[in-house]
Amino acid sequence: MKQKLVLKLVLLGDPGVGKTSLISQFVHARFRHSYQLTVGLDISSKQVQLDDGRTVTLSINDIGGQARFAAIRHMFFKGAHLAMFVYDVTRAETLDNIKDPWFKELMEFCGRSSKTKAAIQTILVGNKTDLEDYRMIEEEEGIQLAKEINAKGHISASAKENIQVDEAFKTLAQSFFDEI
Ligand code: GTP
């Protein structure tokens, strides 16, 4: 019997960095200009074909970045296989916040270590690279932080222009198999 592998993916990052937009571009090939904050949680799923021909289904948990949704967020971190940290390249504080609170919260509530074999796999995404004139964070700073939090890598993306969005999700999905 053929089995379907479903990996639970959570996105983390400050309000407005573009978590919903990255998902919307990846899953529906759509971009919305107006900001609609995510209230609580939104789950979507998409099948991904990896380079080696393997197919996995990502269950993508979009969890509102607002402080008031912290309790709901923590519940949904549990059991996640994959996590995508997102910051906005035009707002310096969104990168500062990746380590604390976002990385810290994930490690506390996901129920996996960041280093063991069954570790949660993570990736860091710098979003809104189309706003080059307003850039506050150099790519090098993102790459450095990705190393510090032991992430699989760093990707510069634009949900608006659909730059490197598929790559971010696929690289993350692939990293699950690199570790087993
Ligand atoms: P919360 O739901 O509050 O956690 O926010 P979020 O991280 O899901 O952000 P969301 O995707 O709702 O995007 C916030 C705003 O940024 C919206 O107005 C988007 O249109 C805009 N935005 C998202 N991605 C990009 C991008 O790549 N480029 C530009 N220029 N704007 C973007």
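Gln164 lies in the loop between β6 and α5, where helices (H or I, at least four residues) and strands (E, at least two) are DSSP runs numbered from the N terminus. Its phi is near 60°, a positive value in a residue other than glycine, and with a relative accessible area of 33% Gln164 is partly exposed; buried here means under 20% relative accessible area, exposed over 50%, and partly exposed in between, using a 1.4 Å probe and protein chains only. This is a predicted model, in which local features need pLDDT of at least 70 and side-chain atom pairs count only at pLDDT 80 or more, while totals for chains, interfaces and linings use all residues. Residues are numbered from 1 along each chain as its sequence is written, and side-chain values use heavy atoms, with hydrogens and water left out.

**Overall fold**

- The protein contains five helices and six strands, which follow the pattern β-α-β-β-α-β-α-β-α-β-α when read along the sequence.
- The radius of gyration of the protein is 15 Å, close to the 16 Å that the globule rule gives for 180 residues, so the protein is as compact as a globular protein of that length; the radius is taken over C-alpha atoms, and the rule is 2.2 Å times the number of residues to the power 0.38.
- Along its principal axes the C-alpha trace spans about 50 × 35 × 30 Å, and 48% of the 180 residues count as buried.

**Aromatic pairs and charges over rings**

- A search of the whole structure finds three aromatic pairs, a pair being rings of Phe, Tyr and Trp (its six-membered ring) whose centres lie within 6.5 Å, with planes under 30 degrees apart counted as stacked, over 60 as edge-to-face and the rest as tilted.
- One of these is formed by Phe26 and Phe169, whose ring centres are 4.1 Å apart and whose planes are at 5°, so the pair is stacked.
- This pair links distant parts of the chain, since Phe26 belongs to helix α1 (residues 19–28) and Phe169 to helix α5 (residues 165–178), 143 residues apart, and both Phe26 and Phe169 are buried.
- Phe85 and Phe103 have ring centres 6.2 Å apart and planes at 55°, so the pair is tilted.
- Because Phe85 lies in strand β4 (residues 82–88) and Phe103 in helix α3 (residues 92–109), the pair ties together parts that are 18 residues apart in sequence; both Phe85 and Phe103 are buried.
- The charged end of Lys46 sits over the ring of Phe26, 4.7 Å from its centre, which requires NZ of Lys or CZ of Arg to be within 6 Å of the ring centre and within 35 degrees of the ring normal.
- The charged end of Arg54 likewise sits over the ring of Phe177, 4.0 Å from its centre.

**Ligand surroundings**

- The ligand is surrounded by 25 residues, of which the closest are Lys19, Thr20, Ser21, Arg32 and Tyr35; a residue is counted if one of its heavy atoms lies within 4 Å of the molecule.
- A polar side-chain atom of Lys19 lies 2.7 Å from an oxygen atom of the ligand, and a polar backbone atom of His33 is 2.8 Å from an oxygen atom of the ligand.
- A polar side-chain atom of Asn127 lies 3.1 Å from a nitrogen atom of the ligand.
- Taken alone the ligand exposes 650 Å², of which the protein buries 92%, the areas coming from the Shrake-Rupley method with a 1.4 Å probe and, for residues, only the protein chains shown counting as cover.

- His154 is found in strand β6 (residues 154–156) and is buried, with a relative accessible area of 16%.
- The side chain of His154 makes a polar contact with the side chain of Tyr87 at 2.7 Å; such a contact is a pair of N or O atoms within 3.5 Å, and within protein one must be able to donate a hydrogen and the other to accept it, while residues adjacent in sequence count only if both atoms are side-chain atoms.
- Gln144 lies in helix α4 (residues 139–148) and is partly exposed, with a relative accessible area of 38%.
- The C-alpha atoms of Gln144 and His154, 10 residues apart along the chain, are separated by 8.7 Å.

**Further backbone features**

- A cis peptide bond with omega of about 20° joins Asp100 and Pro101, and Pro101 has its place in helix α3.
- Lys128, in the loop between β5 (121–127) and α4, has a phi near 75°, a positive value in a residue other than glycine, and at 21% relative accessibility Lys128 counts as partly exposed.
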